[in-house]
Amino acid sequence: MFRVIETFSGIGSQAKALERIGVEYEIVHTADWDINAILAYCMIHKGKIDIDKYINVSDEDVIDSLRKLTLSMDGKKIMNENSFIRMPMLLKRKLYTAILETKNLVSITDIKGDNIPENIDLFTYSFPCQDLSLCGCWHGNKSGIARDAHNRSGMLWEVERILLEMNEKGRQLPRFLVMENVTNILSKLHEKDFEDWKSTLEDLGYYNKVYRLNAKNFGIPQKRERAYMISVLCDNNTIVDEVKRYFRDHDLEKEEAKILKQRQLYLKDILCLDYSKNKKYKEEADASKPNNTPSRQKIYEDNDILYDGKNINEICVNTVTTKQDRNPNSGIIVYKNYARGKTKWRYLTPRECFKLMGFDEDDFDNVIKDNPQVTKSRKLYSTEKLIKLAGNSIVVDVLEAIFRQIIEINNKILGERK
């Protein structure tokens, strides 16, 4: 059984990838403080959130339990007391249930080394990229992962703290670590801080392999290049040499690595255009049409037309980000339903964004069919929130290739843990 901890777990692309490659695994813990991600993860990987399982827990105990946690409404800042009070009791119970069912340790800042069990095979950490991204740099934010920046990307050093706490108490460290983030972490601007992080891992006994991998080379029609680092805990120099040799002979950045992809999807497999036969597709398409404004006309002029009303333009779309109503975006689909004041085109729908991240339509349906009510007129997951969940995730198909390498190294080089 491959034992895994997913920190910054989001909607669980890591668990999805492990499931896809057929490895026998156990998610020992997740960790995420964003209530949108917590609930969606549970609905994708556990099915309908069954609050009746904890019917014997009183409302007061549910509230007291949640109040002790560091939770967020948007993944950016701590939820304030007024927001917590306004949250319907049914939603509080769903959140309480989801946290227990996914064994969620919630905020990385509250996790101690003692909270991480020993005999963990894989520990993943896809910490926030906002302070590392090029977009952040354009807005004057160049703090990146500096230790003293105290920003969201600085959550990397919370991972360091946890590993050091484990090491100081003689606790067994995870056998593999996997990092994912924007490629700007490898830039000259952040080189010193990233080398600092790699040096910490090396001091703990890890060998680090850094990749720049693009989703378009792994069967997904999306130009999404990200930095990945696989860290392998090596007992001695002989193991280090074997691991180095493995990565030299099985380099995922090389052209021949494309043979590792398990499937090849095209835009025709992604776009949901059959509006006449599928009511959900039409509703989602309607919700993805923006108001017809000069700025939206500029978006139409500047971005790729993925479907012109007759033919699909079989290209790789631009990176799926946390927002489609932006310039540049992932692409435009002609869609003429002639709604008053709306454009004659639409953005990618949340469903299409989930598929571009390697998730199945069933995963998306599991989220929206149990969309929690927040107020009488508003559900938790709007079109914008669903797209944000997708944009914050990791392409499943890329992780599949990475995890196959990890399993092979584990079985052929490291062997049984003593």
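Predicted model: local features only at pLDDT ≥ 70, side-chain atom pairs only at ≥ 80, totals over all residues.
A disulfide would need the two sulfur atoms within 2.5 Å. I then looked up the total for the structure and got 0 disulfides.

C316 has 26% relative accessibility, so I put it down as partly exposed. C234 comes out at 9%, so that one goes down as buried.

Next I went to D363. I found it in helix α14, which runs over residues 361-368. Is D363 buried or exposed? Its relative accessibility is 6%, so it counts as buried. Leaving out residues up to four places away in sequence, I noted that D363 touches K16 and I44.

Then I zoomed out to the whole chain. I noted 16 helices and 11 strands. The radius of gyration is 22 Å, and a compact globule with 418 residues would be near 22 Å, so the two agree. Along the principal axes, the C-alpha atoms fill a box of roughly 70 × 55 × 45 Å.

I also looked at packing. Of the 418 residues, 53% count as buried. For contacts between residues at least 6 apart in sequence, 76% join residues at least 24 apart.

Last entry, surface and charge. The chain exposes about 19,500 Å², with carbon and sulfur atoms supplying 47% of that. I have 67 positive and 64 negative charges, and their mean positions sit 6 Å apart.

How values were computed:
Residues numbered from 1 in each chain as written. Heavy atoms only, no water. Helix = DSSP H or I, 4+ residues; strand = E, 2+ residues; numbered from the N terminus. Buried < 20%, exposed > 50% of the residue type's maximum accessible area, 1.4 Å probe, protein only. Contact = heavy atoms within 4.5 Å. Rg over C-alpha atoms; globule rule 2.2 N^0.38 Å. Areas by Shrake-Rupley, 256 points an atom, 1.4 Å probe, with all protein chains shown as cover. Lys, Arg positive; Asp, Glu negative; His and termini not counted. Charge placed at Lys NZ, Arg CZ, Asp CG, Glu CD.
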